[in-house]
Amino acid sequence: MAEKNKFYVVWKGKKPGVYTSWEACKKQIQGEKGAQYMGFPSRGQAEMAYRAGYREAVARKKRAKGVSPEQLARVGRPNPNSISVDAASSGNPGVMEYQGVDTRTGKRLFHQGPFRQGTNNIGEFLAIVHALAYLKKQGSNRIIYSDSRTAMSWVRKKKCNTKLEETETNRDLFDMVRRAVHWLETNSYETPVVKWETRAWGEIPADFGRK
């Protein structure tokens with residue numbers, strides 16, 4: 001295993017889970033036929049991969065191999081002193097939820113949903129604003145990562161430019177959107193909202209693992 005890996009996931013072994021050393025991982029897979037395991041440089045990536053499952057982790061690793069060294073050098077590596085946000089929607093519209101996690105550790109910092117009759121873009125927008133308010137309240141200098149250019153644009157413009165119509169079913173969600181827009185209009189912030197480079201870094205740590 002590569003030395004750059006500090007965390008190891010065991011999907012199939014004596015005791016599946018996330019381990020903090022190769023030796024600990026090795027004990028779980030020795031003598032286990034068809035053991036499934038993989039190393040990762042951060043706890044956040046390891047925990048996300050564990051939730052997504054072995055097949056998806058292998059597929060993501062193959063996709064990352066398609067990125068050239070020049071591309072990797074250009075984008076650099078993600079800043080671990082950050083919050084990563086993401087949303088997931090079952091259908092468009094469909095049942096939607098969003099969350100924010102510590103990029104370094106993968107620890108969930110906030111979660112909202114599920115909401116009926118929502119969209120992924122609305123969830124991504126709400127997640128960014130939630131993270132902005134969260135960091136401002138803490139007085140933190142961390143940055144925010146999002147993999148949604150659309151949501152980042154809506155935040156810059158202080159407008160949720162969704163085409164989804166408000167109904168009785170999703171009124172609570174639209175109430176949250178209105179509160180988020182109001183927060184953007186009445187608060188100033190210096191927190192950078194940065195695009196997560198999925199091709200170079202893999203899925204964002206806040207990913208729900210449903211792809």
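Me: Which residues does V181 touch, not counting residues up to four places away in sequence?

Reply: Bearing in mind that this is a predicted model, V181 touches F125, K158 and C160 when residues up to four places away in sequence are not counted. V181 has its place in helix α7, and its C-alpha atom is separated by 6.2 Å from that of K159, which is 22 residues apart from V181 along the chain.

Me: Why is V181 called buried?

Reply: The word buried is used under 20% relative accessible area, and V181 has a relative accessibility of 16%, so V181 counts as buried.

Me: How do you know that strand β5 is largely enclosed by the rest of the structure?

Reply: Strand β5 covers residues 94–102, and eight of its nine residues are buried, so the strand is largely enclosed by the rest of the structure.

Me: What makes β4 and β5 a pair of strands?

Reply: Two strands pair if there are at least two bridges between them, and strand β4 (residues 82–91) is joined to β5 over nine bridges in the antiparallel sense. One of the bridge partners in β5 is Q99, which faces D86, and the two strands form a hairpin with two residues between them.

Me: How many bridges join β5 to strand β6?

Reply: Six bridges join β5 to β6 (residues 108–118), and these strands run antiparallel, with V101 standing opposite R108 in β6. β5 and β6 also form a hairpin, here with five residues between them, and G106 in the turn has a positive phi of about 80°.

Me: Which residues touch the most other members of the largest nonpolar core?

Reply: In this core of 31 residues, those that touch the most other members are V85, Y98, I122, F125 and L126. At least two residues of the core come from each of β4, β5, β6, α5 (120–138), α6 (149–157) and α7 (171–186), and α5 gives the most, with nine residues. L126, leaving aside residues up to four places away in sequence, touches Y98, L173, M176, V177 and A180. There is also a second, separate core of eight residues, which includes F7, V9, F40 and A49.

Me: Why is the pair of F110 and Y134 called tilted?

Reply: The count of aromatic pairs comes to 10. Rings pair if their centres lie within 6.5 Å, and planes under 30 degrees apart count as stacked, over 60 as edge-to-face and the rest as tilted; the rings of F110 and Y134 have their centres 6.0 Å apart and their planes at 50°, so the pair is tilted. The pair links distant parts of the chain, with F110 in strand β6 and Y134 in helix α5, 24 residues apart.

Me: What makes the aromatic pair of Y145 and W196 edge-to-face?

Reply: Planes over 60 degrees apart count as edge-to-face, and this pair has 85° between its planes, with 5.2 Å from centre to centre. Y145 lies in strand β7 (residues 143–146) and W196 in the loop between β8 (193–195) and α8 (198–201), so the pair ties together parts that are 51 residues apart in sequence. Both Y145 and W196 are buried.

Terms used. Residues numbered from 1 in each chain as written. Predicted model: local features only at pLDDT ≥ 70, side-chain atom pairs only at ≥ 80, totals over all residues. Heavy atoms only, no water. Buried < 20%, exposed > 50% of the residue type's maximum accessible area, 1.4 Å probe, protein only. Helix = DSSP H or I, 4+ residues; strand = E, 2+ residues; numbered from the N terminus. Core = buried A, V, L, I, M, F, W, Y, C linked by side-chain atoms within 4.5 Å. Contact = heavy atoms within 4.5 Å.
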